[in-house]
Amino acid sequence: MDKVGAVFGGSRGIGRAVAQLMAQKGYRLAIVARNLQVAKAAAGELGGNHLAFSCDVAKEQDVQNTFEEMEKHLGPVNFLVNAAGINRDGLLVRTKTEDMISQLHTNLLGSMLTCKAAMRTMIQRGGSIVNVGFIHTDMTKHLKEEHLKKNIPLGRFGEALEVAHAVVFLLESPYVTGHVLVVDGGLQLTI
């Protein structure tokens, strides 16, 4: 099987770290972000013949068109990483309804739409999908760190590369399926 991967949200944060590790391991990648220029810069930093695409994951037609373009230029995508996301963190009573809807459309619906598009090929040829959660990145830098770190047994936030190793492990583990791998420094142990 060719190692063709699509990393949605691959231009920064966890997605970028995942893309860097996948490139080192010989994957041919599509780096996908809303901003094509940022995606091109991230793909260019990987070296090799990785490509960049622009896509709003909250729009089904945009996702379908992106998968068609990726397949045309790279071949069938058999490794999908969903790391695209937005954060509109705030008190619920102050959060605008539009912000809630935007976050749901990008973070939840977007992952569902990319999985749906990827499955069209993967159901016949096989493949792996990893949906990434939340750690400390640019998107979360405004959160009150000291308060949050006190609740993490390891006493620090995870690094994007640490999550990237877990993502690649899941992508390359053919007998692991339907699994939720928690990479949180032990935070769930305190809940």
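Reply:

The model is a predicted one. His-50 sits in the loop that runs between α2 and β3.

Two polar contacts involve the side chain of His-50. A polar atom of this side chain lies 3.0 Å from the backbone nitrogen of Leu-29, and a polar atom of the side chain is 3.4 Å from the backbone oxygen of Gly-47. Leaving aside residues up to four places away in sequence, His-50 touches Ala-23, Tyr-27, Arg-28, Leu-29 and Ala-43.

Ala-43 leads back to the helix. In α2, which spans residues 36-45, the buried residues are Ala-39, Ala-42 and Ala-43. Viewed down the axis of α2, these buried residues fall within an arc of 100°, so they line one face of the helix. An α-helix has 3.6 residues a turn, so residues three or four places apart point the same way. The cover over the buried residues of α2 includes α1 (13-24), β2 (28-33) and β3 (51-54). On the face turned away from the buried side, α2 carries the exposed residues Gln-37, Gly-44 and Glu-45.

The N-terminal end of α2 is capped by Asn-35, with a side-chain oxygen 2.9 Å from the backbone nitrogen of Gln-37.

Definitions and conventions: Residues numbered from 1 in each chain as written. Predicted model: local features only at pLDDT ≥ 70, side-chain atom pairs only at ≥ 80, totals over all residues. Heavy atoms only, no water. Buried < 20%, exposed > 50% of the residue type's maximum accessible area, 1.4 Å probe, protein only. Helix = DSSP H or I, 4+ residues; strand = E, 2+ residues; numbered from the N terminus. Arc of directions from axis to C-beta. Contact = heavy atoms within 4.5 Å. Polar contact = N/O pair within 3.5 Å; in protein donor to acceptor, adjacent residues only side chain to side chain.
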